[in-house]
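Morning, everyone. Please bring the structure up on your screens, and we'll walk through a few spots together.

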Amino acid sequence: MTRRLFRKPNGYVILLISLLLACQPSPEQKEVASEASSPQVATSRQGMVSAAHPLAMKAGVKMLHQGGNAVDAAVATAFALSVVEPSMSGLGGRLQAIVRLPDGSVQGVDATTQAPLTYDAATAPKAPYGYATIGIPGVVAGLTKLLEDYGSLPLSTVMQPAIDYAENGFELLPLAAARHHAQQARLKEFSGSSKYFLKADSTTYQAGEQFVQEDLANTLRAIAEGGRDAFYQGAIAEKIAQDMAANGGIITREDLAGYEALDADILESAYQGYSVYALSMPSYGAITLEILNLLEQMPQPEDEDDWAANLYQAMALGYQDRKHQTEDSIPILITDDYATTVLENALDGEALSTRMQPTTTIPESWRADVGHTTHLSTADSSGMMVALTQSLGPNMGSKVATDGLGFLYAVTLGGYLGEFAPGQRAASHISPVVLSQGEEPFMVLGAAGGSRIPTAIVSVISRVVDQQQSLEEALAAPRVYPDEDTVLLEMHSAERWNDETVNAIEAHGFNVKEVEEEARFGRVHAIIYDPETHTFTGAADPDWEGAAGAPE
């Protein structure tokens, strides 16, 4: 058995996990999902798209079919997701993306939301939603920058599928309908949100019903014609600023005009012979790489319980460094020497206790039981790969939509992601990742799920690399998550941990809690490349309603 790095504490707090909603689709809803869905695993030599909604996947595949590259496909998919999965992401949200170019170099885009220049954390209201939580949106700037820097098709072309979905409507999927229903009462508080997401009787749209968003189509069309300036400096910016001023928001036209998507800082590490690339702050790529480094230096697991114990320990130790991410410390956090030091110190129970941070001192997003966000991955036959994660924060973000525009804003301020200085960008667990093997691309992936994002990504990488599982198997296999001194085990599917393994994990000296709910351990959308067959395999997380596909 693997040596135990942590001493089991004498006492511990059992956290009661509250669920957003028990989403059990009816037979009729399951039929709707089946009709709207596409295969969750696909193979092709022509490129690949994996995304959280079948229609978004098809938007990306259409770009590949038209001769576009992986960035064209990613931007089309992302804009489409803002229409067909508006509870997870949208034009009012934040974005982080990493791009492997055909020559093997790696670039990134930081387009996360930002605190306005007039923001004062000391006097700003603390709130879970509403106008006071809204920061400067980054998605439009991020997507247009990606396309300008690395794409090949016109903006109007890659945005057309999203415009069509918004203007003509689409059938709402069961889990999406459940997410809308869960926020019904809060959506009623805001006139714009009520207009777009509630019916005349203030009920939400049901699974299978047609969901049309005419104002959003007009907003998208304006961006397609005028680019980023149409959003940040034109009539759209004027509507945003007026709405904020009238309802207690603090974003001004000057804030919008001054926002820019930035080139992200790229972090590079290695895992079992693969080069692993992630993004520095405000992405949590450093934590993802640190966990991989810790895992690589642990004793080789003999059984599944050893693997789970190693993963829990690496994750728990890595997560203690979330609060230490600075420009100076991040290069240190991702080194092998640092991983060695952390593991040596973890053998001392007293040293570990000084590292554990009390739950009461961390941002709400770190301890939220239900994590949201959406992720997509794309690849093309040239070797270009894209991992793109975009988010509104919690389910349906701030719950605020401006009348006349049609999209929701993300939660940025109010304490959900922590406190920010004026003009500071929101850091989060978002962590898109690219892996290469020598000069060849290997894998591109990312996840949704709030604080579970890095842990889900590490789980899939380890399943594929260490256990030689197929991508489909790796996404379906059960995961673990460190909840302070407790190992949370994913137990909802046929791939659940069996009783013998659970008992063996407990025998390592850990507290264990079994979690039955679906989608609570992150939702990964990934693509892997086989250089021998020149074949891409894409897979969508089986806990979600997404799909993988390629041009025929």
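Start at Met48, which stands opposite Ala379 in β10. Keep in mind that this is a predicted model.

Met48 belongs to strand β2, residues 48-51. β2 pairs with β10 in the antiparallel sense, over 3 bridges. Another 3 bridges join β2 to β19, residues 547-549, and these run antiparallel too. There, Ala51 stands opposite Ala547.

Now the faces. In a regular strand, side chains alternate between the two faces of the sheet. In β2, Met48 and Ser50 are on one side, Val49 and Ala51 on the other, and all are buried.

Back to β10, residues 374-379. Is Thr374 buried or exposed? Thr374 has a relative accessible area of 2%, so it counts as buried. Its side chain makes a polar contact with the side chain of Glu85, at 2.7 Å. Thr374 also touches other residues, among them Ala52, Met88 and Ala448.

Next, charges. The whole structure has 14 salt bridges. Take Arg479 and Asp541: their closest N and O atoms are 3.1 Å apart. This pair links distant parts of the chain, 62 residues apart. Asp541 sits in the loop between β18 and β19. Arg479 is buried at 3%, and Asp541 is buried at 1%.

Compare Lys126 and Glu419, a salt bridge at 3.6 Å. Those two are 293 residues apart, each in a loop. Lys126 is exposed, at 52%. Glu419 is partly exposed, at 41%.

One last stop: Lys145, Asp149 and Asp263 are linked in a network of salt bridges.

Methods. Residues are numbered from 1 along each chain as its sequence is written. This is a predicted model: local features need pLDDT of at least 70, side-chain atom pairs count only at pLDDT 80 or more; totals for chains, interfaces and linings use all residues. Side-chain values use heavy atoms; hydrogens and water are left out. Helices (H or I, at least four residues) and strands (E, at least two) are DSSP runs, numbered from the N terminus. Buried means under 20% relative accessible area, exposed over 50%, partly exposed in between (1.4 Å probe, protein chains only). A polar contact is a pair of N or O atoms within 3.5 Å; within protein, one must be able to donate a hydrogen and the other to accept it, and residues adjacent in sequence count only if both atoms are side-chain atoms. Contact means heavy atoms within 4.5 Å. Two strands pair if DSSP finds at least two bridges between them. A salt bridge is a side-chain nitrogen of Lys or Arg within 4 Å of a carboxyl oxygen of Asp or Glu. Lists of a residue's contacts leave out its neighbours within four places in sequence.
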